[in-house]
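Hello,

Here is the structure I promised to pass on. Please have a look at it first, and then read my notes below.

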Amino acid sequence: MAWPAGQKQMFALALIAALMTVGTLAYMLAAPPGYLRRTRNGVPYFAPPVINPAGGRPLDVNRLAAYYRGHVRAGLYAATNR
């Protein structure tokens, strides 16, 4: 059974779109860009909290980095795990 020309074209477009999707996902898994590895403050994702030497409480590294970059309000709540 032969397909009409419109169905062949639609199948070809769907096949190209599927191949591009799979290729893009494979590329993103093989070589992810740098902005997917770190936050905007330069802190790696899933970084463990650091211990405050003065009080022994854990500090959120992302908020601590924001404080040292000049965002003072971020530092006010760095020691509270909010």
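A word on terms before the details: two residues are in contact when they have heavy atoms within 4.5 Å. Please also keep in mind that this is a predicted model.

Let me start with N41, which sits in the loop between α1 and β1. Setting aside its neighbours within four places in sequence, N41 is in contact with N62, A65, A66 and R69. With N62 there is also a polar contact of 3.1 Å, made between the two side chains. Is N41 buried or exposed? Its relative accessibility is 18%, so N41 counts as buried, the cut-off for buried being under 20%.

R37 belongs to the loop between α1 (5-30) and β1 (50-51). Residues up to four places away in sequence aside, R37 touches P32, P44 and Y45. The R37 side chain also reaches the backbone oxygen of P32, at 2.7 Å. With a relative accessibility of 47%, R37 counts as partly exposed.

Now to the aromatic rings. How many aromatic pairs does a search of the whole structure find? The answer is one. The pair is formed by W3 and F11, whose ring centres are 5.4 Å apart and whose planes stand at 75°, so it is edge-to-face; the cut-off for that label is over 60 degrees. W3 is partly exposed at 42% relative accessibility, and F11 is partly exposed too, with a relative accessible area of 46%.

Terms used: Residues are numbered from 1 along each chain as its sequence is written. This is a predicted model: local features need pLDDT of at least 70, side-chain atom pairs count only at pLDDT 80 or more; totals for chains, interfaces and linings use all residues. Side-chain values use heavy atoms; hydrogens and water are left out. Rings of Phe, Tyr and Trp (its six-membered ring) pair if their centres lie within 6.5 Å; planes under 30 degrees apart count as stacked, over 60 as edge-to-face and the rest as tilted. Buried means under 20% relative accessible area, exposed over 50%, partly exposed in between (1.4 Å probe, protein chains only). Helices (H or I, at least four residues) and strands (E, at least two) are DSSP runs, numbered from the N terminus. A polar contact is a pair of N or O atoms within 3.5 Å; within protein, one must be able to donate a hydrogen and the other to accept it, and residues adjacent in sequence count only if both atoms are side-chain atoms.
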